[in-house]
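Please look over the sequence and the model below.

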Amino acid sequence: MKIKLGPADFSEKEMRGYEVGNRNVCVAKINGRYKGLDDWCNHAGCLLSGGRLENNLVICPCHEVGFDMDTGKNETSPEIADDQPVVSVEVQDGQLVIDDPWAK
């Protein structure tokens, strides 16, 4: 199932969080591409979209864990948190669209 998140109107290095059902998705624009991860950090449940971007990493605002926006890999503190699930983001007719990452 495709889910529309909203307009694809981000500035470069901008990041936003979106509620998708009872979950959240973090979307960022990096090098002209939209990228997405599960927004809830698996370490303590903090919203990654409240953090910051450093190159291709989103840095969790609670404990400074850095996740790669392409792979979800925990690049900074693998002993603290697992990798994050990646969410595929597309632009269709000027709108950000994802496949429901939690559909069964």
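Which order do the strands of the open three-stranded sheet have? The order is β5-β6-β7, with antiparallel pairing. This is a predicted model, in which local features need pLDDT of at least 70, side-chain atom pairs count only at pLDDT 80 or more, and totals for chains, interfaces and linings use all residues. Residues are numbered from 1 along each chain as its sequence is written, and side-chain values use heavy atoms, with hydrogens and water left out.

**Sheets**

Strands here are DSSP runs (E, at least two residues), numbered from the N terminus. Two strands pair if DSSP finds at least two bridges between them. In the sheet β5-β6-β7, the edge strands β5 and β7 each pair on one side only. Its neighbouring strands are turned by 30° against each other on average, direction ignored. That angle is taken between axes, which are lines fitted to C-alpha atoms, with angles running from 0 to 180 degrees between N-to-C directions. Strands β6 and β7 run antiparallel and share three bridges. Ile59 has Gly66 as its bridge partner in β7.

A further open sheet has four strands. Their order is β2-β3-β4-β8, again with antiparallel pairing. Its edges are β2 (15-20) and β8 (86-87), each pairing on one side only. Strand β3 (residues 23-30) is joined to β4 by six bridges, and the two run antiparallel. Cys26 has Leu37 as its bridge partner in β4.

**Cysteines**

A disulfide is a pair of cysteine sulfur atoms within 2.5 Å. The whole structure holds one. It joins Cys46 to Cys62, with an S to S distance of 1.9 Å. The pair links distant parts of the chain, 16 residues apart. Cys46 lies in the loop between β4 (33-38) and β5 (52-54). Cys62 lies in the loop between β6 (57-59) and β7 (66-68). The torsion about the S-S bond of Cys46 and Cys62 is about -105°, so the disulfide is left-handed.

What keeps Cys41 from bonding to Cys60? The closest cysteine sulfur to that of Cys41 is in Cys60, 3.9 Å away, which is too far for a bond. Cys60 is in no disulfide.

Buried means under 20%, exposed over 50%, and partly exposed in between (1.4 Å probe, protein chains only).

| Residue | Relative accessibility | Class |
|---|---|---|
| Cys46 | 14% | buried |
| Cys62 | 38% | partly exposed |
| Cys41 | 3% | buried |
| Cys60 | 1% | buried |
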